[in-house]
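This report walks through one protein structure. It begins with the overall make-up and then turns to selected parts.

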Amino acid sequence: SQVSFEEESQNPPTVGHWKPLMPSKGDKEEPESGCQDAGGVHEPQSTEQLNVSRLRSSSVEIREKGSEFLRDELHKAQKELKLKDKECERLSKVREQLEQELEELTASLFEEAHKMVREANTKQAAAEKQLREARGKIDMLQAEVTALKTLVITSTPSSPNRELHPQLQSPSKAGFRKGHGRNKSTSSAMVSAASQSVVPEPASRECKEIDSILFAEFQAWKESPTLDKSCSFLDRIYREDVGPCLDFPKQELSELVRVAVEQNTLTIEPVASQTVPVGKVAAEECGGPKKCALSGLPRTCKHRIMLGDSGNYYYISPSCRARITAVCNFFTYIRYIQQGLVRQDVELMFWEVMRLRREMSLAKLGFYPSEM
């Protein structure tokens, strides 16, 4: 094609005759007439037509090759698209399978978690029930131990408790006192018989009458016994007895004592019977044998208290000890009622509660046994 273009550029164009490169079908005979008229110009025109035909054939060949190349590329692209479609389909199936497995795993995990929570709640409820039963037994045992300590500490042959043995208050029973000291084997039976046959004179003159409001409040509480102070029965006792009885000059320590009494975590110990264990650090002691930690007054302190497991001891005077003991006795008795350990008539339980309230009132006013 380059040779044809060079030859065409070397031959000068024919003057006076212009022919289009691509004549139309209707003009096929015009070149012949032109050639006849021109005479010697026939040869260059045929060369030019040959060059044009060559150009046309080359352009057709290029087009065919281009179209074939494009078809090949199109086929390749279609194959790649089919492969990619198959890959996308496979990946979508994998994704669906993974999502299904994830949902099943999540459901199984939730089910296992709910099962564990149910088991934990069941175990917690059983543990709480056992704890309540154990605390009830501990409260009962502590009350029994306290009663035994009271009998042992406050009623001995050398220093008998006149409140526990009313017959000792009567001068006519002096013979029993001498026999109690001489013959230990028969003293218990003699004292028991005397306590059953002899009644103190103040008790014989005592008259009792049930207050209808107090009894109604107690009956309502007895139907569903609780230690919640919001009920009318305990609310009245807190306001009239417990609160005033545990109201000491040292307000901060008084509040701690009240909380320990309510939670049944307060311990009262005689000072003389306590020794510091070897190898342990002595606990902090507030007050002292000659100063009460609750009242702040100089008093001879024969007992000390410990609040919970803190290890801190506080010396208290006999009056403060009587007030705390009266409140503890009241809470112990109502706990027994709540736990169903008291098998008495409602009226008898009511009078026992009133007696414990009277002890709190007397202790608040400063009356307490001389043995304390």
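## Overall make-up

The protein contains eleven helices and four strands. The model is a predicted one. Of its 372 residues, 24% are buried. Among contacts between residues at least 6 apart in sequence, 66% join residues at least 24 apart.

## Helix H7

Helix H7 covers residues 212–223. At 1.5 Å a residue, its twelve residues should span 16 Å, and the end C-alpha atoms are 17 Å apart, which agrees. Asp 211 caps the N-terminal end of H7, with a side-chain oxygen 3.0 Å from the backbone nitrogen of Ile 213.

Which residues of H7 are buried? They are Leu 214, Phe 215, Glu 217, Phe 218 and Trp 221. Viewed down the helix axis, the buried residues of H7 fall within an arc of 160°, so they line one face of the helix. On the other side of H7, Ser 212, Ile 213, Ala 220 and Glu 223 are exposed. The cover over the buried residues of H7 includes helix H8 (232–245), helix H10 (318–338) and helix H11 (346–365).

## Helix H11

The 20 residues of H11 should span 28 Å at 1.5 Å a residue; the end C-alpha atoms are 29 Å apart, which agrees. Asp 345 caps the N-terminal end of H11, where a side-chain oxygen lies 3.2 Å from the backbone nitrogen of Glu 347. After H11 comes Gly 366, which has a positive phi, near 105°.

The buried residues of H11 are Met 349, Phe 350, Val 353, Met 354, Leu 356, Arg 357, Met 360 and Ala 363. These buried residues pack against H7, H8 and H10.

## The largest nonpolar core

In soluble globular proteins, nonpolar side chains tend to be buried together. In this model, the largest nonpolar core has 45 residues. Val 242, Val 257, Leu 294, Ile 324 and Phe 330 are those with the most contacts inside this core. At least two residues of the core come from each of H7, H8, helix H9 (251–262), strand E3 (303–307), E4, H10 and H11. H10 gives the most, with ten residues.

Leaving aside neighbours within four places in sequence, Phe 330 is in contact with Leu 234, Ile 237, Val 242, Val 353, Leu 356 and Met 360. Among these contacts of Phe 330, Val 353, Leu 356 and Met 360 are also buried residues of H11.

## Ser 317 and the cysteines

Ser 317 sits in the loop between strand E4 (313–316) and H10. Its relative accessibility is 4%, so Ser 317 counts as buried. Leaving aside neighbours within four places in sequence, Ser 317 is in contact with Cys 292, Arg 299, Thr 300 and Cys 301. Both cysteines in that list count as buried, because Cys 292 is at 1% relative accessibility and Cys 301 is at 6%.

How many disulfides are there? The count comes to zero. A disulfide is a covalent bond between the sulfur atoms of two cysteines. Here a pair of cysteine sulfur atoms has to lie within 2.5 Å to count as a disulfide. The closest cysteine sulfur to that of Cys 292 is in Cys 320, 3.5 Å away, which is too far for a bond. Cys 301 is in no disulfide either, and the nearest cysteine sulfur to Cys 301 belongs to Cys 292, 5.2 Å away.

How values were computed
Residues numbered from 1 in each chain as written. Predicted model: local features only at pLDDT ≥ 70, side-chain atom pairs only at ≥ 80, totals over all residues. Heavy atoms only, no water. Expected span 1.5 Å × (residues − 1). Buried < 20%, exposed > 50% of the residue type's maximum accessible area, 1.4 Å probe, protein only. Arc of directions from axis to C-beta. Contact = heavy atoms within 4.5 Å. Polar contact = N/O pair within 3.5 Å; in protein donor to acceptor, adjacent residues only side chain to side chain. Core = buried A, V, L, I, M, F, W, Y, C linked by side-chain atoms within 4.5 Å.
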